[in-house]
Amino acid sequence: MQRTILHVDMDAFFAAVEIRARPELALLPVIVGGAAERRGVVAAASYAARRYGIHSAMPTATALRLCPQAVLLPPRHEHYAEVSQQIHAIFARYTPQVEPLSLDEAFLDVTGSERLFGSGEAIGRRIRQEIRTELGLVASVGVAPNKFVAKIASDIDKPDGFVAVAPDQVQAFLDPLPVGRLWGVGKVGARVFERLGIASIGQLRAYSPRLLQQHFGNFADQLWQLAHGADERPVVSEREARSISQETTFPRDIDDREVLRAWLQDLAAQVAWRLRRHGLQGRTVQLKVRLADFSTLTRAQTLAQPTDISDEIRRAALGLFEQRLPRPLPPLRLLGIGVSGFAESHGGQADLFAAAERERQSRIDAVMDQVAERYGRGSLVRGGRRGPG
Amino acid sequence: MKFTISREALLKPLQVVGGVVEKRQTLPILANVLVQVANGKLTLTGTDLEVELTATATVENGTDGEITLPARKFNDICRALPDQAVVEVSIDGDKAVIRSGKSRFSLSTLPATEYPATEGVAGAFRLSMAQEVLKGLIDQTQFCMANQDVRYYLNGMLLEMKGGQLRTVATDGHRLAISETDSPEVAGEERQVIIPRKGVLELSRLLGDGEAQCELTVGSNHIRVALGEVVMTSKLVDGRFPDYERVVPKAGDRLVTADRHVLRQALQRTSILSNEKYRGIRLQFDQNLLRATVNNPEQEEAEEEVEISYDGAEFEIGFNVSYLLDALNVVKQDQVVLSMTDANSSCLIYGAGDKNSRYVVMPMRL
């Protein structure tokens with residue numbers, strides 16, 4: 001069936017929310033991120049800051065070197081989460097099928113809403129307009145027959161962009177785009193394409209699938225399909241999600257085990273926090289890594305009982321990391337943790353026979369949630385952590 | 001095998017044993033009821049391999065023998081016959097023939113030798129007591145049993161003999177119920193068995209409220225309870241029940257006494273607007289006053305104030321309101337005591353002056 005998917009992406013979201021509160025910053029380079037001396041990274045940069053070459057995920061120290069006069073603000077995640085909820089309330093006027101990718105980005109399947117509210121394009125324009133007039137924020141919107149194309153469409157005319165790609169225009173839309181637009185290609189992949197003399201998606205489409213296979217392994221299939229604008233993945237609202245996962249692609253491939261362990265702790269905490277927020281507990285912990293050659297490995301472990309406890313998820317993931325990955329550990333370009341196998345959650349119901357330790361960990365998480373709610377995520381971190389923040 | 005019996009005399013035992021025969025069976029024979037005639041006595045047996053029920057009746061003109069018949073159809077046929085009908089059952093080849101007045105039914109059979117009936121109960125300890133006593137022990141605790149929990153040993157009820165007492169304990173991991181009674185018969189005996197959930201529910205259904213006696217035979221793998229014409233035999237859960245005594249709190253320093261009916265009705269009303277899934281309720285205790293509040297995802301709220309007897313410091317604690325109501329429903333006394341320590345520790349509930357039944361409810365973080 002022909003679907004209509006919207007990708008709504010808030011422009012420089014954290015920075016825009018801060019600037020909305022302090023209009024005097026409007027024209028200044030604004031960075032939201034962790035302090036440089038704590039190895040913080042940029043969470044968001046205003047467009048004025050981006051002109052200096054600053055982008056998100058860049059170490060704050062680097063950003064401040066590029067633009068010493070930039071205004072650095074600490075992230076207020078709990079506030080962004082509130083604003084994000086207001087944005088989602090606008091989405092909910094048009095469809096219940098909303099898949100949030102992060103606080104500032106979501107896919108909407110409006111296929112079933114078109115009879116009520118008009119074409120996908122009309123719905124996209126209304127949502128963008130309502131976000132602007134009601135919340136004073138700017139969003140870029142892409143409308144397309146699938147998630148992949150919708151995401152590119154929202155990005156291509158950013159900021160304040162609106163691009164609708166009709167089903168019969170998908171190929172014409174994709175062909176001239178650089179191959180780097182394909183999901184998961186990144187810098188390393190771009191270099192491979194450069195060697196092969198492939199610059200655009202159209203050229204990739206004309207390339208032999210067999211040769212692609214040699215260079216990209218199993219990933220070739222996916223590239224091939226994406227290049228043809230084929231992406232059947234459904235929009236999965238988190239309510240019905242069968243797993244909750246968090247992953248990060250590193251700017252440079254990493255093989256330092258200490259750094260990777262620190263990332264595991266951070267990812268576990270994020271996944272556990274999302275589980276708790278949705279009142280879910282999962283029994284299966286999955287570790288996902290992507291190597292320099294794009295091959296993706298996943299390793300999973302099933303726990304004795306469902307959990308939403310950061311430390312249990314971290315330990316399971318760490319066990320998989322230490323014992324189930326190839327040795328010596330190749331450099332990783334992506335690291336992710338997912339939890340699935342949801343059980344009926346008991347909310348905050350305490351257990352009579354829970355080991356005292358489990359109870360203690362659960363309370364630590366509860367305290368961290370409360371602090372995060374009040375002061376923002378990252379204001380309280382577990383010892384030994386050296387991730388972003 | 002052949003026997004004649006009145007419809008009513010047959011229907012009663014047939015319905016008792018039919019209750020345990022499940023509709024969808026993996027083994028065809030488990031959909032059947034075992035019919036045995038010996039010495040003018042008819043014995044019917046139904047089983048699901050976990051719980052077995054037998055019921056007996058007296059027959060006329062019986063010739064000994066045994067066979068199995070499809071339980072559902074046999075039952076439906078008997079029920080459909082007119083009142084006071086006389087039923088004759090006989091075997092004809094591999095069919096059973098049921099005759100009554102101008103009706104005739106030919107039912108398929110399976111040989112009785114294939115029927116998985118329980119043999120004797122091994123390693124048994126026997127005791128007898130009034131049915132109402134056993135029913136009391138079960139009904140005071142059975143609502144706390146877990147249902148399909150992965151901790152399979154919680155999907156049942158602990159029956160314990162210790163220190164001259166007979167005790168039942170049930171828990172789903174969030175709350176726990178204990179009920180006990182002095183029993184000179186178990187003096188010197190120390191034994192713990194877990195009766196599976198289904199066995200407990202059957203037993204509660206079968207036991208009467210009167211002083212009629214029941215005989216318990218507690219073995220190492222089975223428990224058998226004989227109630228006159230009906231005998232229930234249940235497998236035991238092969239597992240270790242958690243150390244429940246460890247989780248029963250000592251008297252806390254926050255002691256609340258309330259009128260059970262008033263408290264129950266107040267909680268019942270507030271529970272209407274609680275979160276349907278988690279059923280959270282917030283209890284705020286102050287000098288002789290309890291304020292109970294709930295809210296739900298639809299932003300609806302309910303609040304009740306209840307006069308209580310309490311003179312400790314002000315404090316607040318959350319619970320699953322259903323767990324509190326379940327306990328308040330089985331407490332018999334008019335005054336109920338809630339004994340608490342802090343918002344993270346369990347609450348002990350018992351009827352004022354009642355030494356025999358206690359309830360432990362873990363709090364809920366709200």
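Buried area is the accessible area, probed at 1.4 Å, that two parts lose on being put together, summed over both. Keep that in mind for what follows, since this is a predicted model with chains A and B in contact.

**Where the chains meet**

Between chain A and chain B, about 1600 Å² is buried, and carbon and sulfur atoms give 58% of that. On the chain A side, three residues stand out: Q349(A), L352(A) and F353(A) supply 45% of the area that chain A buries against chain B, more than any other three residues. As for secondary structure, helix 15 of chain A (residues 356-375) brings three residues, the largest share of the side that touches chain B.

| Item | Count |
|---|---|
| Chain A in the contact | 15 residues |
| Chain B in the contact | 21 residues |
| Salt bridges between chain A and chain B | zero |
| Polar contacts between chain A and chain B (both residues at pLDDT 80 or more) | four residue pairs |

**Inside the chains**

Now for the nonpolar cores. The largest one has 96 residues, and those with the most contacts inside it are V35(B), F74(B), L216(B), L267(B), L283(B) and F285(B). Helix 7 of chain B (residues 321-330) gives the most to this core, seven residues.

Take L267(B) as an example: leaving out residues up to four places away in sequence, L267(B) touches I281(B), L283(B), A292(B), V321(B), L324(B), L325(B) and L328(B).

There's also a second, separate core of 33 residues, with M10(A), A44(A), L108(A) and A139(A) among them.

Key:
Residues numbered from 1 in each chain as written. Chains lettered and ligands numbered in written order. Predicted model: local features only at pLDDT ≥ 70, side-chain atom pairs only at ≥ 80, totals over all residues. Heavy atoms only, no water. Contact = heavy atoms within 4.5 Å. Salt bridge = Lys/Arg side-chain N within 4 Å of Asp/Glu carboxyl O. Polar contact = N/O pair within 3.5 Å; in protein donor to acceptor, adjacent residues only side chain to side chain. Helix = DSSP H or I, 4+ residues; strand = E, 2+ residues; numbered from the N terminus. Core = buried A, V, L, I, M, F, W, Y, C linked by side-chain atoms within 4.5 Å. Buried < 20%, exposed > 50% of the residue type's maximum accessible area, 1.4 Å probe, protein only.
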